[in-house]
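Please look at the model first.

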Amino acid sequence: MAGVVKVGSRPPWVGLAAAVWVQVAAGAGYTFPLYSHALKKVMGYNQQQLTFLGVANDSGENFGLIAGVLCNRLPPWFVLLVGAACCFLGFGTLWSAVSLTVTGLPYWLLWIALCIATNSSAWFGTAVLVTNMRNFPLSRGTVAGILKGYVGLSAAVYTGLYTGVLHSSSTKLLLFLTLGLPIISLAMMYFVRPCTPSLEEDSLEQSHFMFTQISSIFLGLYLLAYTILDDVLPLTDGVIYILFGVMVLFLLAPLAIPIKMTIFPRNRKTNVASDTGSTSHQVTTGAGDEEPLLATSSSNNLGNAQENDDASDVDMLLAEGEGAIKKKRRPKRGDDFEFHEALVKADFWLLFLAYFLGVGSGVTVLNNLAQIGIAFGLEDTTILLCLFSFCNFVGRIGAGSLSEHFVRSRMLPRPIWMACTQVVMAVAYLLYATAISGTLYASTALLGICYGVQFSVMVPTVSELFGLKQFGLLYNFMLLGNPLGAFFFSGLLAGYVYDSEAAKQDPSSSTCLGPNCFRLTFWFLAGICCLGTLLSIILSVRTRPVYQMLYASGSFRLPRSSLH
């Protein structure tokens with residue numbers, strides 16, 4: 001990995017606190033329902049055209065293969081810089097169209113601009129997720145849950161910003177996305193750095209994770225209350241700015257961990273991974289040591305590690321030539337895989353298909369949530385979006401912690417949680433389809449939780465089955481399930497069904513009212529979730545021996561290949 005590696009106990013936590021802000025910025029794709037109606041009105045699009053813009057939104061957000069390749073070759077700051085540039089160019093084009101600064105922009109240009117704009121999320125997410133998964137290799141599920149949780153929560157952050165500070169102005173929101181998100185990315189660049197990971201279980205580390213999770217839960221509850229309060233009560237600008245300032249303080253809460261570690265250092269010895277993976281050395285950190293908040297390791301140590309790797313490779317080749325040892329075996333599940341090696345594994349495709357069916361169906365509802373609310377008779381769909389966002393966050397952060405607990409205590413394969421939640425998703429779709437009175441908010445909440453679980457379970461599962469070496473590329477390949485699902489289930493199915501029903505009601509209108517607008521779509525989505533459940537169960541059965549090997553001691557056993 002390019003870049004300087006940080007040593008010490010505090011830098012990883014500084015990077016995690018910075019990653020929280022980057023992940024909120026990475027949730028820009030969730031803002032599409034907030035400005036899509038303005039785009040539809042200004043440009044005169046029908047629902048299917050708008051739905052295919054939603055496909056562009058998901059395609060850009062989840063196409064991270066290039067970022068996945070480059071994250072192993074370039075430092076995180078460069079990956080974040082590319083994301084900032086995508087924000088500025090893409091959202092800037094959308095802002096110029098909605099604000100009528102530039103008129104007559106063709107549909108295909110806005111489609112590409114939306115792809116570029118939301119592709120910033122892939123660059124942001126890859127930079128911070130890969131870096132932090134490597135900085136905390138023994139707590140992969142927890143780290144994935146926290147970071148993915150903040151992405152899920154970002155929709156509520158943007159909703160509060162949109163309805164409160166920006167007074168429900170789509171033009172102002174797009175301007176903020178154009179300028180504000182690149183500023184956040186540039187400000188966090190220095191702090192998102194690869195660090196030398198600790199290879200021993202630490203109760204204090206777990207308490208720090210617990211603090212971060214609790215602070216994020218309080219943030220989620222606060223945002224939900226803030227959105228409801230803003231919807232039912234007329235708030236003055238002063239009150240809105242104070243409430244928004246409190247939200248910013250919640251987002252800064254993870255920074256309290258490295259600050260506390262600086263003010264109250266403790267004497268401890270930590271096993272730190274060497275770059276060769278064959279040895280470890282002791283780093284003593286005490287109250288008398290002067291360890292800066294972002295200490296930097298010696299470049300000589302990195303150079304020696306690389307020389308040791310090269311020498312080991314030469315010795316291996318000589319031994320093979322002399323017949324002393326056999327050629328290197330193919331990796332087994334749990335080892336570090338190259339991308340092409342993972343592609344020929346059945347478990348890789350089982351995980352991809354199960355994830356594709358789960359998130360593909362969920363993103364179909366998310367992209368059409370505003371239209372679903374209107375079809376069911378809601379005048380204001382803001383609370384519906386905020387509810388989905390909060391429950392999405394609960395699912396993400398809860399799945400990270402819950403799956404981590406059971407995988408350590410019972411060696412329970414993580415994909416089993418995908419199976420369980422896809423059953424619940426099928427039930428939620430049936431509730432939507434039957435349109436039973438009073439179930440709209442309940443089904444949206446259930447769907448939001450289960451949709452979030454798919455993300456938080458997929459991320460550590462990829463790293464556990466196929467290693468961290470090519471994690472960025474493998475993880476981003478899995479994310480292609482989102483745009484594929486949006487294209488097939490939202491663009492081709494939901495948009496067509498909606499426009500057909502709208503034409504039956506009023507040929508001159510593009511708005512559809514009533515449960516029939518999406519009923520056929522929901523029946524279909526329930527069916528594919530049943531298929532996803534079956535695939536997840538098969539994957540769980542196949543991977544149980546892997547989890548028994550990795551977690552037999554009650555904590556994660558880091559394969560030697562993952563230490564390189």
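## Basis and cavity search

A cavity is a set of points on a 1 Å grid over the protein atoms alone where a 1.4 Å probe fits but cannot get out. Grid points are joined across faces, edges and corners, and a volume is the space filled by probe spheres set on the points. By that search, the whole structure holds three cavities of 30 Å³ or more.

The model is predicted: local features need pLDDT of at least 70, side-chain atom pairs count only at pLDDT 80 or more, and totals for chains, interfaces and linings use all residues. Residues are numbered from 1 along each chain as its sequence is written, and side-chain values use heavy atoms, with hydrogens and water left out.

## The largest cavity

Helices here are DSSP runs (H or I, at least four residues), numbered from the N terminus. H1 (11–26), H3 (47–62), H6 (107–135), H7 (140–165), H14 (346–367), H18 (440–466) and H19 (471–478) each supply at least two lining residues.

By class, the lining has 11 nonpolar, 10 polar and four charged residues. Nonpolar covers Ala, Val, Leu, Ile, Met, Phe, Trp, Tyr, Cys and Pro; charged covers Asp, Glu, Lys and Arg; the others, Gly among them, are polar.

## Positive phi in two loops

Most residues other than glycine have a negative phi. His167 has a positive phi of about 55 degrees. His167 sits in the loop between H7 and H8 (170–188). With a relative accessible area of 42%, His167 is partly exposed (between buried, under 20%, and exposed, over 50%; 1.4 Å probe, protein chains only).

Met411 also has a positive phi, near 55 degrees. Its loop runs between H16 (382–409) and H17 (415–434). Met411 is partly exposed, at 23% relative accessibility.

## A nonpolar surface patch

Phe88, Leu89, Trp108, Ile112, Ile116, Leu175 and Leu179 form a nonpolar surface patch. Together they have about 680 Å² of accessible area (Shrake-Rupley method, 1.4 Å probe; for residues, only the protein chains shown count as cover). Patch residues have over 30% relative accessible area and no salt bridge, and nonpolar side chains (Val, Leu, Ile, Met, Phe, Trp, Tyr) are joined within 5 Å. A salt bridge is a side-chain nitrogen of Lys or Arg within 4 Å of a carboxyl oxygen of Asp or Glu.

H5 (76–98), H6 and H8 each supply at least two patch residues. H6 has the largest share, three residues. Ile116 lies in H6 and is partly exposed, at 34%.

Methods: On a 1 Å grid over the protein atoms alone, a cavity is a set of points where a 1.4 Å probe fits but cannot get out, and a pocket is an open set with protein on both sides within 12 Å along at least five of seven lines; lining residues have an atom within 4 Å of a point. Patches are made of residues with over 30% relative accessible area and no salt bridge: like charges are joined within 9 Å, nonpolar side chains (Val, Leu, Ile, Met, Phe, Trp, Tyr) within 5 Å.
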